[in-house]
Amino acid sequence: RVVDLVLLGNSVDSAAIDHLAAVCAQPSPLVHLQKLNLVSCSMNGESTAKSLASIVASTHLAHLDINGNTRFGNRGLVSLVAALPEECSSVTLLSVADCGLGPGCAVALDQMVNKLPKL
């Protein structure tokens, strides 16, 4: 049973996130995942957002750390928020420092808080 998965500093492309989402959606040791650390993994937000949302929805994820993914950007955050189910009650920490976010991300952050009420 995997509770904490740290992929810090690895080059994680959209295919890897898609595969991780598929594994999490099935009965597997990852269904109990509570902490996912994807710090500085060179992720592009637009291409990984839907799969990240799927991981959030299909696990007991409380902490999602995507710090240092400078290519994630506003579009990635908007895509992630759009892909999240209406209420993901388990997430208590979402860390997006140094993810290339700019002034246009305020609306997406507001929507994120509504979808993740425990933030």
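Author: Asp65 is buried and yet takes part in no salt bridge, since the nearest side chain of opposite charge, that of Lys35, is 10 Å away, whereas a salt bridge would need a side-chain nitrogen of Lys or Arg within 4 Å of a carboxyl oxygen. This is a predicted model, and the distances quoted here are computed from its atoms. What the side chain of Asp65 does have is a polar contact with the side chain of Asn67, at 3.0 Å. In terms of secondary structure, Asp65 belongs to strand 3, which covers residues 63–65. Once the neighbours within four places in sequence are set aside, the residues in contact with Asp65 are Leu36, Asn37, Leu38, Val39 and Ser95.

Leaving out neighbours within four places in sequence, Gly73 is in contact with Cys99, Gly100 and Leu101.

Cys99, one of the contacts of Gly73, leads on to the cysteines. With a disulfide requiring two cysteine sulfur atoms within 2.5 Å, the count for this model comes to zero disulfides. Cys99 is accordingly in no disulfide, and the nearest cysteine sulfur, which belongs to Cys105, is 10 Å away. Cys99 counts as buried because its relative accessibility is 1%, and Cys24, also at 1% relative accessibility, counts as buried too.

These details sit within the following overall arrangement. The protein has four helices and four strands, and read along the sequence they follow the pattern β-α-β-α-β-α-β-α. The radius of gyration is 13 Å, close to the 14 Å that the globule rule gives for 119 residues, so the protein is as compact as a globular protein of that length. The C-alpha atoms fill a box of roughly 40 × 30 × 20 Å along the principal axes, and 40% of the 119 residues count as buried. Among contacts with a separation of 6 or more, 90% are between residues 24 or more positions apart.

Notes:
Residues are numbered from 1 along each chain as its sequence is written. This is a predicted model: local features need pLDDT of at least 70, side-chain atom pairs count only at pLDDT 80 or more; totals for chains, interfaces and linings use all residues. Side-chain values use heavy atoms; hydrogens and water are left out. Buried means under 20% relative accessible area, exposed over 50%, partly exposed in between (1.4 Å probe, protein chains only). Helices (H or I, at least four residues) and strands (E, at least two) are DSSP runs, numbered from the N terminus. Lys and Arg count as positive and Asp and Glu as negative; His and the chain ends are not counted. A polar contact is a pair of N or O atoms within 3.5 Å; within protein, one must be able to donate a hydrogen and the other to accept it, and residues adjacent in sequence count only if both atoms are side-chain atoms. Contact means heavy atoms within 4.5 Å. The radius of gyration is taken over C-alpha atoms; the globule rule is 2.2 Å times the number of residues to the power 0.38.
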